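Please look through the structure shown here before reading the notes that follow.

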Amino acid sequence: MNIPSVSFADAPIKLHEGSLLIALLDSSFAIIGDARNENTMESLRQIKSRGADKGFTILVDSDARLNRYVKEVPPLAWDILDTSEDPIILVLPEGQNLAANAMASDQSVAIRMVKSAEARKLVQITNGPVACTALLDSHGNPTSNIDSVSPAVLEKVDYLLTLPTVKIPGSPKKIPIIALGMAGEIRIIRQ
């Protein structure tokens, strides 16, 4: 499958226009889109066959950006984000400033603080919420090999982002997901 490429500089324009892009984030490919655009989020939901109960991961690069998309951040979230060296996704209550279908049906929002310089720059130049979901191989695992992704999924994506990434050695792994509540509740969704 031949997906047209889009440059790093043109990615924000394509995202704001509602396009879905494939990007290599850390060590695996993901589909990204503008989390304010309901049509884009609906397209992403259809590609992933995802029900309304689950939302998409929103990439953030700073505490300030996190505060834009979550009404009130549980105190424990700050500690986890400040000390985590590896990618982690936190599911936090009461998302805001996002398309309703970017969040889960209970209005919670999954947040991932990006670590790599390239991903941070992407979030910064987009200057808006970037939704992301992992591309999976035929075994349901994150993949760093675009050829292992179903052609049916690839044909629904608009562009391949030529993001200058430094690939993390080793096989891609599923990112841990932890749900936090305002009263200190903690629920491990995926280790």
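**Briefing on a predicted model**

Arginine 65 is buried, at a relative accessible area of 7%, where buried means under 20% relative accessible area, exposed means over 50%, and partly exposed lies in between (1.4 Å probe, protein chains only). This is a predicted model, in which local features need pLDDT of at least 70 and side-chain atom pairs count only at pLDDT 80 or more, while totals for chains, interfaces and linings use all residues. Residues are numbered from 1 along each chain as its sequence is written, and side-chain values use heavy atoms, with hydrogens and water left out.

**Salt bridges**

- A salt bridge is a side-chain nitrogen of Lys or Arg within 4 Å of a carboxyl oxygen of Asp or Glu, and by this rule the count comes to four.
- Arginine 65 is joined in this way to aspartate 61, with 2.5 Å from N to O, and aspartate 61 also counts as buried, at 5% relative accessibility.
- Another salt bridge brings together the side chains of aspartate 34 and arginine 36, at 3.2 Å from N to O; aspartate 34 is buried at 6%, whereas arginine 36 is partly exposed at 39%.
- Lysine 71 forms a salt bridge with glutamate 94, and their closest N and O atoms are 3.7 Å apart.
- This pair links distant parts of the chain, 23 residues apart, with lysine 71 in the loop between H3 and H4 and glutamate 94 in the loop between E5 and E6; helices (H or I, at least four residues) and strands (E, at least two) are DSSP runs, numbered from the N terminus.
- Lysine 71 is exposed, with a relative accessible area of 57%, while glutamate 94 is partly exposed at 42%.

**Positive phi angles**

- Most residues other than glycine have a negative phi.
- Glutamate 94, although not a glycine, has a positive phi of about 55 degrees.
- Asparagine 127 likewise has a positive phi, near 50 degrees, and is found in the loop between helix H5 (117-126) and strand E7 (130-134).

**Nonpolar cores**

- A nonpolar core is a set of buried Ala, Val, Leu, Ile, Met, Phe, Trp, Tyr and Cys residues joined through side-chain atoms within 4.5 Å.
- The largest such core has 38 residues, of which Ile58 and Leu92 touch the most other members.
- A second, separate core has 17 residues, including Phe8, Ala11, Ala30 and Val123.
- Leaving aside neighbours within four places in sequence, leucine 92 is in contact (heavy atoms within 4.5 Å) with residues including Leu66, Val70, Ala77, Ile111 and Leu180.

**Helix H4**

- Helix H4 (residues 75-83) has the buried residues Ala77, Ile80 and Leu81.
- These cover an arc of only 95 degrees around the axis, which puts them on the same side of H4; the arc is that of the directions from the helix axis to the C-beta atoms.
- The buried residues of H4 pack against helix H3 (63-69), E5, E6 and strand E9 (177-180).
- On the face turned away from this buried side, H4 carries the exposed residues Pro75, Asp82 and Thr83.

**Two loop residues**

- Serine 19, which has its place in the loop between helix H1 (11-16) and strand E2 (21-25), is buried, with a relative accessible area of 10%.
- Glycine 55 lies in the loop between helix H2 (38-48) and strand E4 (57-60); glycine 55 and valine 73 are 18 residues apart in sequence and 17 Å apart in space, C-alpha to C-alpha.
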